[in-house]
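Open the model in your viewer and keep the selection tool ready. We will go stop by stop.

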Amino acid sequence: MSSKPINNTVQIYTDGACSGNPGPGGWGVLMLYGENEKELTGGEFETTNNRMELTAAIEGLRALKRRCKVELYTDSTYVKDGITKWIIGWKAKGWKTAAKKPVKNEDLWRMLDDVSANHDIDWKWVKGHAGNPENERADALANQGMSLYKGDI
């Protein structure tokens with residue numbers, strides 16, 4: 001079920017992939033605005049799935065040239081819950097978890113927090129690998145980004 005953006009809203013679909021955890025990884029972004037589409041992809045030699053999921057969201061938001069109303073779709077509850085719930089407590093506790101341990105991926109959480117402040121974002125979770133065409137494209141882009149670091153090409 002595909003839906004085009006309405007009300008001047010940019011839709012961003014993000015996904016991350018990793019072969020091994022840690023291991024080579026990739027991220028993918030599909031951006032939709034009216035009839036316009038943009039695809040972004042990238043990766044790293046040694047990373048984790050969570051880092052790639054976060055990087056996809058960061059890169060999607062960084063690609064926006066001005067303040068926007070955004071619907072950001074992720075199949076990662078880690079990203080959605082982290083940015084909408086957990087980050088408030090982490091920042092209040094000096095980037096420590098409830099167990100007083102350092103927040104994993106703090107560098108990327110800080111970046112995501114910074115780029116998110118520039119936009120009005122509705123964070124949405126979408127079930128991965130469930131036939132959503134836009135999420136499937138973001139997944140394909142993440143795997144494409146990863147393939148450069150796995151030596152698949």
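Start with the charges: colour the 21 positive and 21 negative ones, whose mean positions lie 7 Å apart. Here Lys and Arg count as positive and Asp and Glu as negative, while His and the chain ends are not counted. Each charge is placed at NZ of Lys, CZ of Arg, CG of Asp or CD of Glu.

Two notes before moving on. This is a predicted model, where local features need pLDDT of at least 70 and side-chain atom pairs count only at pLDDT 80 or more, while totals for chains, interfaces and linings use all residues. Residues are numbered from 1 along each chain as its sequence is written, and side-chain values use heavy atoms, with hydrogens and water left out.

**The whole chain**

Switch to cartoon view. You will find four helices and five strands. Helices (H or I, at least four residues) and strands (E, at least two) are DSSP runs, numbered from the N terminus. Their order along the sequence is β-β-β-α-β-α-α-β-α. The radius of gyration is 15 Å, close to the 15 Å that the globule rule gives for 153 residues, so the chain is as compact as a globular protein of that length. That radius is taken over C-alpha atoms, and the rule is 2.2 Å times the number of residues to the power 0.38.

Of the 153 residues, 46% are buried. Buried means under 20% relative accessible area, exposed over 50%, and partly exposed in between (1.4 Å probe, protein chains only).

**The cores**

Which residues touch the most other members of the largest nonpolar core? Select Ile-12, Leu-61, Trp-109, Leu-112 and Trp-123; this core has 30 residues. A nonpolar core is a set of buried Ala, Val, Leu, Ile, Met, Phe, Trp, Tyr and Cys residues joined through side-chain atoms within 4.5 Å. Elements giving two or more residues to the core include helix H2 (77-92) and strand E5 (120-125). Helix H1 gives the largest share, six residues. In soluble globular proteins, nonpolar side chains tend to be buried together.

Zoom in on Leu-112. Beyond residues up to four places away in sequence, Leu-112 touches Leu-54, Ala-57, Ile-58, Leu-61, Val-79, Ile-83 and Trp-123. Contact means heavy atoms within 4.5 Å. Another core lies apart, with six residues, among them Tyr-13, Leu-30, Leu-32 and Val-126.

Go to Thr-9, in strand E1. Thr-9 is buried, at 5% relative accessible area. Leaving aside neighbours within four places in sequence, its contacts are Leu-32, Tyr-33, Lys-69, Val-70 and Glu-71.

Next, pick Gly-26 in strand E2. Is Gly-26 buried or exposed? Gly-26 counts as buried, at 0% relative accessibility. Beyond four places in sequence, its contacts include Asp-15, Met-52 and Met-146. Draw a line to Tyr-149: the two C-alpha atoms are separated by 8.1 Å, though the residues are 123 apart along the chain.

Most residues other than glycine have a negative phi, and most peptide bonds are trans.

- Asn-21 and Pro-22 are joined by a cis peptide bond, with omega about 15°. Pro-22 sits in the loop between E1 and E2.
- Asn-105 has a positive phi near 65°. Find Asn-105 in the loop between H2 and H3, buried at 15% relative accessibility.
- His-129 has a positive phi of about 55°. His-129 is in the loop between E5 and helix H4 (133-150), and is exposed at 59% relative accessible area.
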